[in-house]
There are 2 protein chains.
Amino acid sequence: MQTVQVELAERSYPIHIGAGLLSDGDFLRDQIRSSQLLIVTNATVAPLYLDRVNNAFSDRQVSVFILPDGEQEKSLPRFGEIIDQLVAERFHRDATAVALGGGVVGDLTGFAAASYQRGIDFAQLPTTLLAQVDSSVGGKTAVNHPAAKNMIGAFHQPSVVIADIDTLATLADRELHAGLAEVIKYGLIMDAEFFHWLEDNVGALLERDPAALQYAIAVSCRDKAAVVAADERERGQRALLNLGHTFGHAIEALSGYGKILHGEAVAIGMALAAETSVATGRLPAEQLAPIRQLIESAGLPLQLPPLPPGDIVERMGLDKKVQQGRLRLVLLDAIGAAQLVDDVSAEQILEVVESYGGG
Amino acid sequence: MQTVQVELAERSYPIHIGAGLLSDGDFLRDQIRSSQLLIVTNATVAPLYLDRVNNAFSDRQVSVFILPDGEQEKSLPRFGEIIDQLVAERFHRDATAVALGGGVVGDLTGFAAASYQRGIDFAQLPTTLLAQVDSSVGGKTAVNHPAAKNMIGAFHQPSVVIADIDTLATLADRELHAGLAEVIKYGLIMDAEFFHWLEDNVGALLERDPAALQYAIAVSCRDKAAVVAADERERGQRALLNLGHTFGHAIEALSGYGKILHGEAVAIGMALAAETSVATGRLPAEQLAPIRQLIESAGLPLQLPPLPPGDIVERMGLDKKVQQGRLRLVLLDAIGAAQLVDDVSAEQILEVVESYGGG
């Protein structure tokens, strides 16, 4: 087991990464101390892991909320149902909400934990690669609005993150690949050494080699933790974590949530951001090929789904990263170095999107 | 104008208290700088003050959301409607939500501001005494759950509070009295000198003497700000601000929200807490009479509405101040000194409630 600490003064917390963690009742009981636990999970994860987590807490008051699978569950109505259950079962302020599942479960549970009685404790037990390297770390919680992703939420740090890499053994290939998109992102925005390690080890990751997975997850969490510690509420540097996401959110929204996976949309978005970085004279042109190569090697798409390019650009205007009416975009200066820019015109973006086969 | 500063490091903010502030366009524009403003108000306040605030920002993108009047509007569905409007009008992260009204408007607007895109700026323009001395200061935001008050919310500090005492001239007597309940509370829990000032000046306050009002509001805000600065998220000392509220919330909920005003319920709750403080040997018996006397002089009720005492005690168990299954209660050691206790039995509380004419 490796542990990465997220340093946020009185809200600091550990991320434990290793094999067999969800099967270790003593460990779980030691990490989550509340007398009342609400475990939120979904229909896919529950048959696999709910019993072992539930059994670990047979001495506590445990309530379970099982969601259907899918991004559409990350909604304000579902949020309301979780609150209803917490109220009905008289959960107190010192209860803990436990998210057992992927990013949808984590984001929804986190927002419920942030809001119930203005904030109760929250433990993340991520069971997808995407959640282990990204959504369960950093305290961003949210539900989607019908018109845009993650529009309603809170910054609410978990008290602990427990990433059991055994859960990745049962993950669908497509989900594994989607998680690698965010892993590659850390290499691109801040960690050239890790990018090159990924070039050498993407095969081992696709074969689910436990040592490779544990290393990639730990480095990803360490990189993200450093960014979050420096800028918890995304006033500056943290925005770099959104590489590919402004494009990606537009692609997801226009495709209909759930049609394309978040990581797949981010992969296309990172390729578009890299292309835009070259087109605007930031990224040396010769660095584009290895970026596209790594994304492709990780089993991820580079090609846009058939969407009108103009719609994509317009949609990007609704994204949270728009400030004072100007579109802000994360672009690359090099592999391992990103910056937030606001001087790219809609026309330039449209040109890049059109060249990527939108429409 | 007097200004009280709430000291919360990077979230510090001023509370400006004075006459004519809402009519001073330059002042408002200087205090609220965003290019996009959502003004939330209600049907009672809008005809009185909306135009002057709106006019002050004719150079900005201003959207208005007008609620019907009443506590029932502090709901998750209304919260969703405000978010819908922010999304529909493409409000950005650097927008400001402006609450123009009483506690209901402030709490609802604040929770929407806390949650929209995980947090936008928030300005409080309280127009009731209750909001000026209590709900607009300290960053507690929330909506009610059908089963309990303030169950869904966030700590989200305003960027500025502007309390125009001219707005109190049009306030219904009953609302003025309800606000005085929270004013008296500060005297009771932490400020004996202010308690005695109130004993001498309650008449001037009831006559809406501007100098007396401004002084009472400023002292109340100063006292509350000191508590909030020491304990923003209510881990300890801040709970003292809940004197009378555990009783009060139960009374409000059982009466049906809106039947009895929050301040009225708190007034009865403070009398019950004082009585419980005497019954458990904390408060010297001779201090009970002046407390009851001041509450009554402020036009507030001392008598419980006809509710079964057992229901009140049971209902108190759902209150947020329950920790690990034990009922925590704010009691008085003296006028001006309170503490949080958890050793009072349900039977002792029942006895006090019964003696107060419940049932």
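Two residues are in contact if their C-beta atoms, placed from the backbone, lie within 7 Å. The model is predicted.

**Where the chains meet**

By that rule, 30 residues of chain B are in contact with 30 residues of chain A. Five elements of chain B give two or more residues each to this side: α3 (76-88), α4 (103-115), β7 (140-145), β8 (148-155) and β10 (322-323). β8(B) gives the most, with 6 residues. The table sorts the side of chain B that touches chain A by class.

| Class | Residues on the side of chain B that touches chain A |
|---|---|
| Nonpolar | 14 residues |
| Polar | 10 residues |

How is chain B superposed on chain A? A rotation of 180 degrees does it, with 0.0 Å of shift along its axis and an RMSD of 0.0 Å. That is the relation of a two-fold axis. In chain B, the C-alpha nearest the axis belongs to B:Ala154, 4.2 Å away from it. Of the interface residues of chain B, 100% are also interface residues in chain A, so the copies meet through the same surface.

**Helix α8 of chain B**

Helix α8(B) covers residues 210-230, 21 residues in total. From its first C-alpha to its last it reaches 30 Å, close to the 30 Å expected at 1.5 Å a residue. Its buried residues include B:Leu213, B:Ala216, B:Val219, B:Asp223 and B:Lys224. What do the buried residues of α8(B) pack against? Their partners in chain B are the strands β1 (2-6), β2 (13-18) and β9 (160-164), and the helices α5 (129-135), α6 (173-190) and α7 (192-206).

Take α7(B). The axes of α7(B) and α8(B) come within 10 Å and cross at roughly 145 degrees. The crossing is left-handed. From α7(B), the contact uses B:Phe194, B:Asn201, B:Ala204 and B:Leu205. From α8(B), it uses B:Ala212, B:Leu213, B:Ala216 and B:Val219. These residues divide into 7 nonpolar, 1 polar and no charged.

**One residue of chain A**

A:Gly103 is found in helix α4 (residues 103-115) of chain A. Is A:Gly103 buried or exposed? It has 23 C-beta neighbours inside 10 Å, and therefore counts as buried. The cut-off for buried is 20 or more. Leaving aside neighbours within four places in sequence, A:Gly103 is in contact with A:Thr128, A:Leu130, A:Ala131, A:Ser135 and A:His262. A:Pro126 is 23 residues from A:Gly103 in sequence, and 7.6 Å from it in space, C-alpha to C-alpha.

Definitions and conventions:
Residues numbered from 1 in each chain as written. Chains lettered and ligands numbered in written order. Predicted model: local features only at pLDDT ≥ 70, side-chain atom pairs only at ≥ 80, totals over all residues. Helix = DSSP H or I, 4+ residues; strand = E, 2+ residues; numbered from the N terminus. Nonpolar A, V, L, I, M, F, W, Y, C, P; charged D, E, K, R; others polar. Expected span 1.5 Å × (residues − 1). Buried ≥ 20, exposed ≤ 12 C-beta atoms within 10 Å, placed from the backbone. Axes fitted to C-alpha atoms, helices over the stretch in contact; angles between N-to-C directions. Left-handed = near helix turned anticlockwise from the far one by under 90°. Least-squares fit on C-alpha atoms with pLDDT ≥ 70 in both.
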